[in-house]
Amino acid sequence: MAITVVGDIDLTTAPLMRGALARCLSARTVDVDLSGVGFCDVSALNVFVAAAEAIGRTGAVLRLHRPPNSLVRVVRITGCALHLSSPRPAGEGRGEALPVDAG
């Protein structure tokens, strides 16, 4: 199943993302295209971690494609084990991407 997200994912919009992912629990693979997302805060991380756990319990996989650098950064800082594809180059897509530290 594929989901395309546009806009920011934060405290206000996280419940919408949670609801969309909840409808995917029967899929074998859930691919989320985040190329239209400019910013994700820790609320988005919480949604994706919970969804990855719920989807994983069924033997399926949640994959996040082209996440904004803000999400990549918070995943690295927290050490969460989310399947992230390469981040977008800085400035590509909506919003301004944050630089990601190499270490």
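1. The buried residues of helix α1 are covered by elements that include β1 (2-6), β2 (29-36), α2 (42-57) and β3 (61-65). Helices (H or I, at least four residues) and strands (E, at least two) are DSSP runs numbered from the N terminus. This is a predicted model, in which local features need pLDDT of at least 70 and side-chain atom pairs count only at pLDDT 80 or more, while totals for chains, interfaces and linings use all residues. Residues are numbered from 1 along each chain as its sequence is written, and side-chain values use heavy atoms, with hydrogens and water left out.

2. Within α1, which spans residues 14-22, the buried residues are Ala14, Met17, Ala20 and Leu21; buried means under 20% relative accessible area, exposed over 50%, and partly exposed in between, with a 1.4 Å probe and protein chains only. They lie on the same side of α1 because they cover an arc of only 125 degrees around the axis, the arc being that of the directions from the helix axis to the C-beta atoms.

3. The protein chain has three helices and four strands, and from the N terminus on its elements run β-α-β-α-β-α-β. Buried residues account for 40% of the 103 residues in the protein chain.

4. β1 and β2 run parallel and are joined by four bridges (two strands pair if DSSP finds at least two bridges between them), and valine 6 stands opposite glycine 36 in β2.

5. A search of the whole structure finds one salt bridge, a term that requires a side-chain nitrogen of Lys or Arg within 4 Å of a carboxyl oxygen of Asp or Glu. Aspartate 31 forms this salt bridge with arginine 63, and their closest N and O atoms are 2.7 Å apart. The pair links distant parts of the chain, since aspartate 31 is in strand β2 and arginine 63 is in strand β3, 32 residues apart. Aspartate 31 counts as buried at 19% relative accessibility, whereas arginine 63, with a relative accessible area of 30%, is partly exposed.

6. On confidence, pLDDT is the predictor's confidence in each residue, from 0 to 100, and its mean over the protein chain is 81, with 79% of the residues reaching 70 or more.

Note on methods:
Contact = heavy atoms within 4.5 Å.
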